[in-house]
Amino acid sequence: MTGAQDPSSTEPAGPPAVRARLFVADPLSAGASVGLKPAQAHYLRHVLRLKAGDVIGLFNGRDGEWTGAIAGFGKGWASVDVGVLRRSQGREPDLWLLFAPIKHARIDYLAQKATELGVSRLQPVITDRTAVSRVNTDRLAANAVEAAQQTGRLTVPEVGEPALLGALLETWPADRRLMFCDESGSGPPVADALAAARDAARLPWAILIGPEGGFSTDELDALSKLPFVMPVSLGPRLLRADTAAVAALACWQAALGDWAGATPGS
Ligand code: SAH
């Protein structure tokens, strides 16, 4: 910023920034008192070095975002007095991400980036060639909470228990579309497919990303027969699963989601 500039002109839109935004389970309303978890209390007190009286933001996925004044710290706890509503709860895209589990660092990355990109549910799927058998859903949820706090969302994506791809497809909700990222290149380019799907922007959606080993012929065959499936190609290069997820989510948000100015489902 140069000295000649009016600093107020560079302020971002919306309510003034707070030092921290925390996700809590309790109901939020004016005058309520909320107890924080030990890790949250530790973060405020020892990492951010906040004091009683300092104001943070609180959200619970239901009641919007509220200011909260730290009332006091104890050993492993903190209590916060809820103040005023900063932002009301609005509708968010109803977008699931179905992904075959991958190794630690990259599944953490995937959960964080998908949360930043606005998914409503992280759903691990077990496919024929899924190499990773155990999924730490608590860890996925912790990554989702942290990313939601940081990115200014008013919700945290749900985390589903790992499910077999076949079982998910058998019980698939009738009105939910599935954008299937098909590395075989037989699907149309993602931008063309999404442009043609504009009429379905208000429906719930899901995106399916395969494992590092790709989909089996049986799976490709089954997916090609389902009416709610829209295959897409993400270009001529083979992307790793985490890159493919980020790329697909960005394309979807730009074409049908809240980057496009509309909120599906609203
Ligand atoms: N091992 C596979 C590649 C799997 S990449 C092979 O060699 O063929 C993991 C997943 O990322 C794929 O299943 C697919 O869902 C997605 N993906 C990667 N590159 C893609 C592309 N160019 N187009 C569409 N999907 C892609």
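Into which domains is the protein chain divided?

1. The protein chain splits into domain 1, covering residues 15–87, and domain 2, covering residues 95–255. Their centres, taken over C-alpha atoms, lie 33 Å apart.

2. Please keep in mind that this is a predicted model. The average pLDDT of the protein chain is 92, and 92% of the residues reach at least 70. Residues 1–9 are a stretch to read with that in mind: their pLDDT is below 50, and beyond near neighbours in sequence this stretch makes three contacts in the model.

3. Now to the place where the domains touch. On the domain 1 side nine residues are in contact, and they meet eight residues of domain 2. Between the two domains about 680 Å² is buried, with carbon and sulfur atoms giving 61% of that area. Three residues to look up are R21, F23 and F59: together they supply 63% of the area that domain 1 buries against domain 2, more than any other three residues.

4. What about polar links across this interface? Six residue pairs are in polar contact between domain 1 and domain 2, counting pairs with both residues at pLDDT 80 or more.

How values were computed:
Residues numbered from 1 in each chain as written. Predicted model: local features only at pLDDT ≥ 70, side-chain atom pairs only at ≥ 80, totals over all residues. Heavy atoms only, no water. pLDDT = per-residue confidence, 0-100. Contact = heavy atoms within 4.5 Å. Domains from an automatic or database assignment. Buried area = accessible area lost by both parts, 1.4 Å probe. Polar contact = N/O pair within 3.5 Å; in protein donor to acceptor, adjacent residues only side chain to side chain.
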